[in-house]
Amino acid sequence: MSTGDPLLPLLLAAREGNDVALSELVRRTQPVLWRVCRDLGTDGDAADLVQETYERMLRAMHGYEGRAPVRPWLLRIARNVCADAVRRNQRRRRLIERAAASLEPEGREIADRSIAPLVAALDRDRFEAFVLTQHVGLSYEEAAQVLNCPVGTIRSRVSRARSDLRAALRAADSA
């Protein structure tokens with residue numbers, strides 16, 4: 001283990017359950033983690049990525065062997081967290097794009113108007129929840145996993161999407 005690393009004693013003490021050392025380790029490394037996660041992660045997710053980095057660090061610190069100084073080791077964890085998040089978002093985006101492409105199957109027209117433009121005009125969160133549950137056929141639980149949010153949030157978004165669609169149809173009928 002590297003003896004010239006100022007963060008090593010903090011990590012070793014934190015590994016033994018010293019909460020003060022853990023807090024100091026976080027305090028000293030948080031600014032650089034924020035920069036890395038902001039720059040490598042997805043838009044607006046830096047806080048979640050930093051938190052996930054520390055969660056992974058806590059799980060991995062008992063196996064830390066000191067082959068690299070603590071800071072580069074932690075930054076490697078952050079890089080992996082960011083890469084995982086980018087891949088997860090790309091998979092989600094592809095799934096939603098495939099679902100959106102299938103919005104106009106036979107029989108989905110109301111009064112000779114396609115509902116696809118109305119669905120596409122929904123708020124992004126509601127659109128995603130609606131498409132995944134109503135068009136792709138995922139359960140609310142599966143959609144919650146895809147969108148990384150609670151099941152209740154999916155239920156709420158779908159309900160609001162339905163309300164928005166009813167209002168848009170009424171507005172289109174009265175126009």
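The axes of helix 6 (residues 124-135) and helix 8 come within 8 Å and cross at roughly 100°. Helices here (H or I, at least four residues) and strands (E, at least two) are DSSP runs numbered from the N terminus. Axes are lines fitted to C-alpha atoms, for helices over the stretch in contact, and angles run from 0 to 180 degrees between N-to-C directions. Helix 6 is therefore roughly perpendicular to helix 8; angles of 65 to 115 degrees count as roughly perpendicular, under 35 as roughly parallel, over 145 as roughly antiparallel and the rest as oblique. On the helix 6 side, the residues that meet helix 8 are Asp-125, Arg-126, Ala-129, Phe-130, Thr-133 and Gln-134. Their counterparts in helix 8 are Ile-154, Arg-157, Val-158, Arg-160, Ala-161, Arg-162, Asp-164 and Leu-165. Contact means heavy atoms within 4.5 Å. The residues of this contact between helix 6 and helix 8 divide into six nonpolar, two polar and six charged. In that count Ala, Val, Leu, Ile, Met, Phe, Trp, Tyr, Cys and Pro are nonpolar, Asp, Glu, Lys and Arg are charged, and the others, Gly among them, are polar.

The model is predicted: local features need pLDDT of at least 70, side-chain atom pairs count only at pLDDT 80 or more, and totals for chains, interfaces and linings use all residues. Residues are numbered from 1 along each chain as its sequence is written, and side-chain values use heavy atoms, with hydrogens and water left out.

Helix 7 (residues 140-147) also packs against helix 8: their axes come within 8 Å and cross at roughly 105°. Helix 7 is therefore roughly perpendicular to helix 8. Tyr-140, Glu-141, Ala-143, Ala-144 and Leu-147 of helix 7 meet Val-151, Ile-154, Arg-155, Arg-157, Val-158 and Arg-162 of helix 8. The contact of helix 7 with helix 8 has seven nonpolar, no polar and four charged residues.

Is Arg-157 buried or exposed? Its relative accessibility is 19%, so Arg-157 counts as buried; buried means under 20% relative accessible area, exposed over 50% and partly exposed in between (1.4 Å probe, protein chains only). Leaving aside neighbours within four places in sequence, Arg-157 is in contact with Asp-125, Arg-126, Ala-129, Leu-147 and Cys-149. The C-alpha atom of Arg-157 is separated by 9.3 Å from that of Asp-123, 34 residues apart along the chain.

The loop between helix 7 and helix 8 holds Asn-148. At 62% relative accessibility, Asn-148 counts as exposed. Its phi is near 55°, a positive value in a residue other than glycine. Most residues other than glycine have a negative phi. Cys-149, one of the contacts of Arg-157, counts as buried at 16% relative accessibility.

Next come the nonpolar cores. The largest nonpolar core has 25 residues, and those with the most contacts inside it are Leu-11, Leu-25, Met-57, Val-70, Trp-73 and Leu-74. A nonpolar core is a set of buried Ala, Val, Leu, Ile, Met, Phe, Trp, Tyr and Cys residues joined through side-chain atoms within 4.5 Å. Two or more residues of this core come from each of helix 1 (8-15), helix 2 (19-40), helix 3 (46-60) and helix 4 (70-101). Helix 4 gives the largest share, eight residues. Apart from neighbours within four places in sequence, Val-70 is in contact with Asp-5, Leu-7, Leu-8, Leu-11, Leu-25 and Tyr-64. A second, separate core of ten residues includes Leu-95, Ala-129, Leu-132 and Ala-143.

Val-86 is also found in helix 4. With a relative accessible area of 26%, Val-86 is partly exposed. Outside four places in sequence, its contacts are Leu-40, Gly-41 and Thr-42. The C-alpha atoms of Val-86 and Leu-40 are separated by 8.6 Å, and these residues are 46 apart along the chain.

The structure holds zero disulfides, a disulfide being a pair of cysteine sulfur atoms within 2.5 Å. For Cys-37, the nearest cysteine sulfur is that of Cys-82, 3.9 Å away. Cys-37 is buried, with a relative accessible area of 0%.

Buried residues make up 37% of the 175 residues.
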